[in-house]
Amino acid sequence: MSTYLSIDFDYWSLDHAVNWQHMVNYSNLIIKNIKQIDFVVVHHDIIKYINTGNYDKIINVDYHADLCDCFNDKKRQGIRLNEGTWSNFVNNRENKEFVWIYPHKRCYNPFDVFKSEGRCDVKKNPFGRNCKYVCGYEKATALYRKLPKEKDLKEIDRACFCFSPKWCDKEQLPVIMEFVRENNLIRDLDIRGKSWIKKILEG
């Protein structure tokens with residue numbers, strides 16, 4: 001089974017007390033164990049990487065699900081590609097598994113979207129028995145704090161870090177940028193026409 005791992009730094013956005021050290025440690029573990037690493041600033045830019053491969057499983061480590069209810073029609077009922085819908089634009093998702101790993105219980109309430117800070121659906125929870133009808137994936141699962149362990153990371157084919165500056169804590173941003181620079185992750189980043197991104201990256 002081929003797997004693509006997406007890591008949004010906002011997963012650790014509330015980790016003020018430990019100065020985001022767990023974020024840095026786990027990110028270094030990913031760098032150590034996964035050879036092919038991508039980097040995006042806004043999460044929906046990940047599509048250009050995911051759709052170049054044929055992955056059986058998409059794992060999204062994120063404060064938000066980034067999966068909405070589109071009832072599996074090819075037009076996705078008019079939804080647009082953005083940070084909260086990108087996983088609905090993965091090619092051939094009817095044959096894939098989607099796993100959302102969330103950091104806090106407040107992120108996900110399976111029964112009430114208005115009590116879920118991380119859910120991105122509007123009418124119907126995509127994580128359930130009818131996921132193929134609701135969101136198009138063969139299987140969709142939400143897991144609380146079950147980050148892949150090192151032995152699991154070794155089995156993952158490709159990974160992508162997402163900066164998400166609009167969703168991270170402001171004091172978290174310098175910590176992220178230090179990690180990004182140390183690992184030369186912005187080498188292939190296309191920021192043409194995105195002056196606000198360039199300003200953040202240049203500090």
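**Note on the predicted model**

1. Start with tyrosine 102. This residue is buried, with a relative accessible area of 8%. Buried stands for under 20% relative accessible area, exposed for over 50%, and partly exposed for the range in between, using a 1.4 Å probe and protein chains only. The model is predicted: local features need pLDDT of at least 70, side-chain atom pairs count only at pLDDT 80 or more, and totals for chains, interfaces and linings use all residues. Residues are numbered from 1 along each chain as its sequence is written, and side-chain values use heavy atoms, with hydrogens and water left out.

2. Overall layout. The protein chain has six helices and six strands. These are DSSP runs numbered from the N terminus: helices are H or I with at least four residues, strands are E with at least two. In order from the N terminus, the elements read β-α-β-α-β-β-α-β-α-β-α-α. Of the 203 residues in the protein chain, 51% are buried. Among contacts with a separation of 6 or more, 73% join residues 24 or more positions apart. A contact here means heavy atoms within 4.5 Å.

3. Strands S2 and S6. Strand S2 covers residues 36-40, and four of its five residues are buried. S2 runs parallel to strand S6 (residues 158-162), and five bridges join the two. Strands pair if DSSP finds at least two bridges between them. Within this pairing, aspartate 38 faces cysteine 160 of S6.

4. Lysine 35. This residue sits in the loop between helix H1 (21-33) and S2. Is lysine 35 buried or exposed? Lysine 35 counts as exposed, because its relative accessibility is 87%.

5. Aromatic pairs. A pair of aromatic rings is described by how far apart the centres are and by the angle of the planes. Rings of Phe, Tyr and Trp (its six-membered ring) pair if their centres lie within 6.5 Å; planes under 30 degrees apart are stacked, over 60 edge-to-face, and the rest tilted. That rule gives 16 aromatic pairs. Tryptophan 100 and tyrosine 108 form an edge-to-face pair, because their ring centres are 5.7 Å apart and their planes meet at 80°. Tryptophan 100 is buried, at 0% relative accessibility. Tyrosine 108 is buried too, at 13% relative accessible area.

6. Tyrosine 102 again. Its ring and that of tyrosine 144 make a tilted pair, at 5.6 Å centre to centre and 35° between the planes. Tyrosine 102 belongs to strand S4 (residues 97-102) and tyrosine 144 to strand S5 (residues 139-144), so the pair ties together parts 42 residues apart in sequence. Tyrosine 144 is partly exposed, with 32% relative accessible area. Both tyrosines belong to one aromatic cluster, made up of Trp86, Phe98, Trp100, Tyr102, Tyr108, Phe127, Tyr137 and Tyr144.

7. Glutamate 138. Where does glutamate 138 lie? Glutamate 138 is in the loop between helix H3 (131-134) and S5. The residue is partly exposed, because its relative accessible area is 49%. Neighbours within four places in sequence aside, glutamate 138 contacts Arg93, Glu94, Asn95, Lys96, Cys131 and Lys132. Asparagine 92 is 46 residues away from glutamate 138 in sequence and 9.9 Å away in space, C-alpha to C-alpha.

8. Positive phi. Most residues other than glycine have a negative phi. Aspartate 66 has a positive phi, near 60°. Aspartate 66 lies in the loop between strand S3 (57-61) and S4, and counts as buried at 4% relative accessibility. Serine 164 also has a positive phi, near 50°. Serine 164 is in the loop between S6 and helix H5 (173-182), and is buried at 1% relative accessibility.

9. The largest pocket. Its space comes to about 230 Å³. A pocket is an open set of points on a 1 Å grid over the protein atoms alone, where a 1.4 Å probe fits, with protein on both sides within 12 Å along at least five of seven lines; lining residues have an atom within 4 Å of a point. The volume is the space filled by probe spheres set on the points, which are joined across faces, edges and corners. The lining has 13 residues, and Lys57, Ile59, Pro148, Asp152 and Ile156 lie nearest the centre. S3 and S4 each contribute at least two lining residues. By type, the lining splits into eight nonpolar, one polar and four charged residues. Nonpolar covers Ala, Val, Leu, Ile, Met, Phe, Trp, Tyr, Cys and Pro; charged covers Asp, Glu, Lys and Arg; the others, Gly among them, are polar.
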